[in-house]
Amino acid sequence: MTYQSPLLVVKDINKSREFYCKLFGLEVIMDFGANITLTGGISFQTLDSWAEFINREEKDIAFGGNDAELYFEEEAFDDFVEKLKKFENIEYVHGVKEFPWGQRVIRFYDPDRHILEVGEKMETVCKRFLDSGMTVEETSKRTMLPIEFVRTCL
């Protein structure tokens, strides 16, 4: 058995396609009308077809549960944050937050209130710390990453 991908139920598949393709640069690799798959392995299913698949009424399907997220990493984190500001009607879970290990992240909702997280790549975090004058050992301790990993970021 192999795991394939997450599937998100969406109210407007075209709106979701446009959002993910424009914001993340993903591309449609399969389009079955009521179901599409994007690069990266994310699939969308229309609300009406999903309700039929699971023998439920559309009203029984809840959005915005705040109980899961799709996680993306970005090397050019600051550039992504600026790009995100240009999108209309973005609802933020929270703005840029830096965690104790140094990684910066931002969380926001997609058009159907699925949580999306974009985090700074840990290689980028290490480079930022090393460029600021921290030693390999200090960077390893702060990021909780092995010294060998930090050295590869030099």
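What follows is a working chat about a predicted model.

Colleague: Before we start, what should I know about the model?
Modeller: It is predicted: local features need pLDDT of at least 70, side-chain atom pairs count only at pLDDT 80 or more, and totals for chains, interfaces and linings use all residues. Residues are numbered from 1 along each chain as its sequence is written, and side-chain values use heavy atoms, with hydrogens and water left out.

Colleague: How many residues are in the largest nonpolar core?
Modeller: The largest nonpolar core has 23 residues. Such a core is a set of buried Ala, Val, Leu, Ile, Met, Phe, Trp, Tyr and Cys residues joined through side-chain atoms within 4.5 Å. Y20, F24, F44, F72 and F108 have the most contacts inside this core.

Colleague: Which element gives the most to this core?
Modeller: α1, with five residues. Elements supplying at least two residues each include β1 (7–10), β3 (35–38) and β5 (69–74). Helices (H or I, at least four residues) and strands (E, at least two) are DSSP runs, numbered from the N terminus.

Colleague: And what lies apart from it?
Modeller: Another core, of nine residues, among them M122, V125, L145 and V150.

Colleague: Back to α1. At what angle does it pack with α3?
Modeller: Helix α1 (residues 13–24) and helix α3 (residues 77–85) pack at about 140 degrees, with their axes 10 Å apart. Axes are lines fitted to C-alpha atoms, for helices over the stretch in contact, and angles run from 0 to 180 degrees between N-to-C directions. The two helices are therefore oblique to each other; under 35 degrees would be roughly parallel, over 145 roughly antiparallel, 65 to 115 roughly perpendicular, and the rest is oblique.

Colleague: Which residues make the contact?
Modeller: K22, L23 and F24 of α1 and F80, K83 and L84 of α3, where contact means heavy atoms within 4.5 Å.

Colleague: Different topic. Is H114 buried or exposed?
Modeller: H114 counts as buried, because its relative accessibility is 17%. Buried means under 20% relative accessible area, exposed over 50%, partly exposed in between (1.4 Å probe, protein chains only). H114 is in the loop between β7 (104–109) and β8 (115–120).

Colleague: What does H114 touch?
Modeller: L8, V9, V10, F63, F108 and Y109, not counting residues up to four places away in sequence. A polar atom of the H114 side chain lies 3.4 Å from the backbone oxygen of V9.

Colleague: What about phi at N55?
Modeller: Phi of N55 is near 55 degrees, positive in a residue other than glycine. N55 counts as exposed, because its relative accessibility is 65%.

Note on methods: Polar contact = N/O pair within 3.5 Å; in protein donor to acceptor, adjacent residues only side chain to side chain.
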